[in-house]
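User: Hi, I have a protein to look at for class. Can you walk me through it?
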Amino acid sequence: PATAPAPEQADTTQEALAACGLDPAEAAVLAAKLATLEGVLAEELKELREQEIDVYVHKFEEAIALQAKLALLDQQLRQEQDEIAAQKMFVSETRECLLSVESV
């Protein structure tokens, strides 16, 4: 859907085309074609901006998912560290018991 240029823009375009040595009819045809192209370009620009927004949204969603995954991995790592610490404590206490039994 082409949008018509603003009246002052249409006048300027036609004046510029007339300054190129075109007669008013040719200038009017070219001005209309330019207006159509400007409308098409404006629509394409709008679509590109919407696609760009979609890309940003997708990247943001990926970042949120990655953050959640990292939080889960961090929690799992902390649990494993806690388990290792508990096992070390158990080994240490077991050694102390064995040493105290052997010294008796």
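User: What share of the 104 residues counts as buried?
Analyst: 6% of them count as buried. Keep in mind that this is a predicted model.

User: How many helices and strands are there?
Analyst: The protein has 2 helices and 0 strands. Helix H2 covers residues 24-102.

User: And what about the surface, how much accessible area is there?
Analyst: About 8900 Å². Carbon and sulfur atoms account for 63% of that.

User: Switching to charge. Which residues gather in a patch of negative charge?
Analyst: Glu44, Glu47, Glu50 and Asp54 do, on the surface. Asp54 sits in helix H2.

User: Is Asp54 buried or exposed?
Analyst: Exposed, because its relative accessibility is 52% and the cut-off for exposed is over 50%.

User: How many salt bridges does a search of the whole structure find?
Analyst: It finds 2. In one, Lys59 pairs with Glu62, with the closest N and O atoms 3.9 Å apart. In the other, Asp74 pairs with Arg78, and the closest N and O atoms are 3.0 Å apart.

User: Where do Asp74 and Arg78 sit along the helix?
Analyst: They are 4 residues apart in helix H2, so about one helical turn separates them. Lys59 and Glu62 are also in helix H2, 3 residues apart, which is about one turn.

User: How exposed are Glu62 and Asp74?
Analyst: Glu62 is partly exposed, at 39% relative accessible area. Asp74 is partly exposed too, at 35%.

User: Last topic: how many disulfides are found?
Analyst: The search of the whole structure finds 0. As for cysteines, Cys20 is exposed at 63% relative accessibility, and Cys97 is partly exposed at 49%.

Terms used. Residues are numbered from 1 along each chain as its sequence is written. This is a predicted model: local features need pLDDT of at least 70, side-chain atom pairs count only at pLDDT 80 or more; totals for chains, interfaces and linings use all residues. Side-chain values use heavy atoms; hydrogens and water are left out. Buried means under 20% relative accessible area, exposed over 50%, partly exposed in between (1.4 Å probe, protein chains only). Accessible areas come from the Shrake-Rupley method with a 1.4 Å probe; for residues, only the protein chains shown count as cover. Patches are made of residues with over 30% relative accessible area and no salt bridge: like charges are joined within 9 Å, nonpolar side chains (Val, Leu, Ile, Met, Phe, Trp, Tyr) within 5 Å. A salt bridge is a side-chain nitrogen of Lys or Arg within 4 Å of a carboxyl oxygen of Asp or Glu. Lys and Arg count as positive and Asp and Glu as negative; His and the chain ends are not counted. The place of a charge is taken as NZ of Lys, CZ of Arg, CG of Asp or CD of Glu. A disulfide is a pair of cysteine sulfur atoms within 2.5 Å.
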